[in-house]
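Subject: Structure handover

Hello,

Here is the structure for you to look over. My notes follow below it.

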Amino acid sequence: MADKHAVSGPNAAPWGSKRRTTGKEFVRLILLLIVWVWRMLPGLFLWLFLSCNSLLPSIESQTKIPLETVKSWADTFGADLHRIVTKYSGSLLLQKKYKDVEPTLKIKEVDGLELVKKFSEEMESMLHRKVEAVERLVEAAEDADLYHAFNASLVFDYYNAVKINEKDENDNYVELGNEFILEPNEHFNNLLVNTTYSDIQLPTNVYNKDPDILNGVYMSEALNPIFVDNFERDPTLTWQYFGSSTGFFRLYPGIKWVPDENGVLSFDCRNRGWYIQAATSPKDIVIVVDISGSMKGLRMTIAKHTIVTILDTLGENDFVNIIAYNDYVHFIEPCFKGILVQADRDNREHFKQLVDELQAKGVGTVNKALIESFKILREFRDAGQGGLCNQAIMLITDGAMEDYEVVFEKYNWPDRKVRVFTYLIGREVSFAKNVKWIACNNKGYYTQISTLADVQENVMEYLHVLSRPMVINHDHDIIWTEAYMDSALFASQAQSLLLMTTVAMPVFSKKNETRSHGILLGVVGSDVPLRELLKLAPRYKLGVHGYAFLNTNNGYILSHPDLRPLYRDGKKLKPKPNYNSVDLSEVEWEDSDEVLRSAMITGETGYLSMDVKVPVDKGRRVLFLTNDYFFTDINDTPFSLGIVLSRGHGEYILLGNTTVEEGLHDLLHPDLTLANEWIYCITDIDPDHRKLSQLDAVIRFLTGEEPDLECDEELVQEVLFDAVVTAPMEAYWTALALSLNNEVEEGVEMAFMGTRAGLMRSAFYVGTEKLSNRKFLTSEDKESIFTMDHFPLWYRRAAEHPSGSFIYSIPFEETSDGGPPEVVTVSTSVTVSVGGKTGIAAAVGVLIKLELLQNKLWTATQQPNDTDCSGVEGLCPLNCQDDTLNCFLIDNNGFILVSKVSKQAGKFLGEVDGSIMTQLFNMGMFKEVKMYDYQAMCKSHHHHHSGARPLLSPIYAFLAAVKWLITDFLIFLLEFNISSFWHSDNLADAKSVFHHAHKHKKHDALQPCDTEYPVFVYEPTIKETNGIIECGDCSKMFVVQQITNSNLLLLVTDAACDCSVFPPVLLQPKEVKYIFLLQLLPLCLVYCLITCELTFNAFRENAQDCGGAAEISASLPLLLLPLGTTALLLLH
């Protein structure tokens, strides 16, 4: 978890260490303080001016706006608007129809704990089927190897995934590229695949006819019938594969593999997380690197690349630190001194940046570094912290001359609980014997790395050594990976449904003659799309705001509706660098005490209630809910499941009753659709069903045309009931549309409705070619339809307002021509009450043009010239289109729907007029809600300050000024290096934390960050208000009046007075900076303890196989490859 609190290691350097201050330094401090005060004077004068100005007594307003007149306008406009939206939505008719069937309805309260346990059991059963498929592959691979005799002269043709279907100039298939039939398959996202056979992929640096490769491919041919049989047994299976320790990758179903634009195949299965986690147990690693003067130049480049490669083999279950040594021992991150940190993505990237800054100088003394490493590992082992399974030191050096044997005798022998892997950098062999001795006498492995091209293969050797105890004991641990992204789903699924997890198991050699060597043959695995798991937690059972989510025992999110793994870079969607290491506390951030997180990572079953602020509409609005969280673990996996039900209507299910005949008749109406992402019937197993929409599948199920279809009968019954109740809406809307010839309301474009069962109806009042928003209610506008993640936004917002009160929502996207929004969505909820329980049965609404709102407002806010103004104090007659007034129609979050300036539509009021928004906030009509986004992306070239200014009440201004002074002073101290008065080491610590994360990155690149942003919310108990704002030379009057039965407000202000002295109030997020980047140590993994016991007691291991000099095959391609790769990397 990326925790935001400081954590001190046992040997962390003390802050605030005292040092005597000299007189010269004291004088320097006084001078710098004077300079700082001088810098602050302009800001102080501005603060004094604004504060004093806000305290001045009111003076006469230049323009008086009669309150009664504005109220009359609001009432007239509100009544006319309510008449229009009620009429064209048909809300009264729909409410009546549901009221009529209340006597036949039942409202059942959901038992959240029972529901989450039921979902968990179904998920466990589904995941167990994936495990069984993988176990069958492991058994087949090990048996095939047992009966295969290695043949160094084997000649064997196989399907090479790159070369299949390729022909030469003579129209003959190229070698290893025979005909391989590929067909599109919907189950595999319409990719071209071969479901009868697998094929082989090899990375560029692996020779495709190497004897080890040919023998491994030949042996693994035995997996083909198992792949096919698994898929027939469980049609929900997706990709199945075998990753060999020699580097080849067998994938089913077979596909055509395309190199990158440079013709390179960089994919190496041995680098993938599923391979590494299955091949080894969780591990604690200390990387020790020599940065003495002899390491300068290419050696240091190779050493850095070696460290980065080692880091890439680590995952969230591993712990790591890096020590650099020359004359002294340096923890490359001083904040991590004396501890191990979780090797999650953030820490790995942080280490990589620090490694890139290492410089070679001084003389190497390895003993102190080894002693420090052994101490850290022992402390963590004794304290029961870290990975608890394997511990290792990775020594990267160009030579070892000291008498280091005494170190091993004292700290590692005779038990040798810490393995030592040594990497000799460079072509010199004079120190090879010493460096190899270190590895061989500490159950490690020695390699010599002389080129950059050698790094990958040599680093991977340590994984095979760490796997030896598991191989010898034949311990097939099942591993499940963290979430990762399937790029094929980018365009086809919601963001949080792009992710997959993998179940994998190691494959060992069972040959008696090699058993003591602990030979790992490879890893088999199968992908599980997380959307398949979520299908087992149907949306209709979770209510309007409810949802299900999954997380790992490290606290990382597997699936969550608020998980946003992609970001937009220009016109492209890209995965965020940290998309699979988003912590539960970063999406459920109201869980400030981490009660929910702690319970779920330990696999508890329980219940928790929280008041939450739920961001909607891309964070511009917020819903205030009380959510009930129910959670439990999924047996035999490291995952936990949680479901959320919002208190009240969110915990009720409506059960209606109707006949199939009656409901089926109404299902056939052309205006009716069903939520196609919901699972009414299972259509993705039988190939004949895959082309059916959910509505088609339900109809065929009910008519008996497809007796093999498996459907959710409870959900289908709800659909039938809703279809019958809502059927009159079609006739009502049609009658209105046909009678519009003479009484057309220009601007009403569409009526729509949706029910809790995912049923939707809609009708057009204009031709589809005239629609202002053609994406509405289509898959292009996910927020407007029912998805696996959420109900439509117009439904969710309406559910939190009284039935009959309409919610007006303006879209924030510009039109295709870059102009302001043209339409507004209007919706209201439809409720039913049974036995004292009130549930939300449906929501109904209309799509209308903003132009209609504007015309109705201008009409309502006109006073004719012959108005009797004798009893009116102030301007009379008034007109919103006069130059003396500004009139705004704003919603309950302060966004403008109507203004005299059309381009202001959709903008925040504070951006247009900061003085009014500031005053409304100070008067309590709007309140500011602080929201947080822990998945934001910020530009890395500067600190991301908010453009918003403090709202200028005198007290707020004073507090803000104090905060500003203190902050600026602290920044000033850092700029002038005043911290030398304390301790120079502490300054280095602070700098490393503040700046390392932003060094050596492209200046315009977006990087993951945390942001804070404001949302303003109207206080509905204040129906009206008015006031006068003093703006220096003039005063501005304003009047605000609530529009009844809506979430709208009418704001009328004096247009003559310039209040630009008040800065705008903006909604831009500001980046939240943290001083410490330390990770909290997560709870230990329970399932690794058995492996650890086997690891420490596996004395049958043949430790004589501890490596040798790096060897290069005599084949010409492999001789040339390192040279070419090195040249390319150096040029880069």
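How many helices and strands does the protein chain have? The protein chain has 30 helices and 40 strands. Both are DSSP runs numbered from the N terminus: helices are H or I with at least four residues, strands are E with at least two.

This is a predicted model, where local features need pLDDT of at least 70, side-chain atom pairs count only at pLDDT 80 or more, and totals for chains, interfaces and linings use all residues. Residues are numbered from 1 along each chain as its sequence is written, and side-chain values use heavy atoms, with hydrogens and water left out.

Whole chain

The protein chain has 1132 residues, of which 55% count as buried. Buried means under 20% relative accessible area, exposed over 50%, and partly exposed in between (1.4 Å probe, protein chains only). Take contacts between residues at least 6 apart in sequence: 74% join residues at least 24 apart. Contact means heavy atoms within 4.5 Å.

H18 and H19

Helix H19 spans residues 694-703. Its buried residues are Gln694, Leu695, Ala697, Val698, Ile699 and Leu702. They pack against helix H18 (660-667), strand E26 (672-674) and helix H20 (713-726). Just after H19, Gly704 takes a positive phi of about 80°.

H18 and H19 pack at about 150°, with axes 11 Å apart. That makes H18 roughly antiparallel to H19. Axes are lines fitted to C-alpha atoms, for helices over the stretch in contact, and angles run from 0 to 180 degrees between N-to-C directions. Under 35 degrees counts as roughly parallel, over 145 as roughly antiparallel, 65 to 115 as roughly perpendicular, and the rest as oblique. The crossing of H18 and H19 is left-handed. (Left-handed means the near helix is turned anticlockwise from the far one by less than a right angle; right-handed means clockwise.) H18 brings Val660, Leu664 and Leu667 to the contact, while H19 brings Leu695, Val698, Ile699, Leu702 and Thr703. By class, this contact of H18 with H19 has 7 nonpolar, 1 polar and no charged residues. Nonpolar covers Ala, Val, Leu, Ile, Met, Phe, Trp, Tyr, Cys and Pro; charged covers Asp, Glu, Lys and Arg; the others, Gly among them, are polar.

H8 and H13

The axes of H8 (residues 298-312) and H13 (residues 455-466) come within 10 Å and cross at roughly 45°. That makes H8 oblique to H13. Their crossing is right-handed. From H8, Ile302, His305, Thr306, Thr309 and Ile310 meet Val455, Gln456, Val459 and Tyr462 in H13. The contact of H8 with H13 has 5 nonpolar, 4 polar and no charged residues.

Backbone points to check

Most residues other than glycine have a negative phi, and most peptide bonds are trans. A cis bond joins Tyr252 and Pro253, with omega about -5°. Pro253 sits in the loop between E6 (249-252) and H7 (273-279). The bond from Trp413 to Pro414 is also cis, with omega near 5°. Pro414 lies in the loop between H11 (405-411) and E12 (418-425).

Leu176 is not a glycine, yet its phi is positive, near 65°. Its loop runs between H4 (112-146) and E2 (183-185). Leu176 counts as buried because its relative accessibility is 5%. Leu777, not a glycine, has a positive phi of about 65°.

Best wishes
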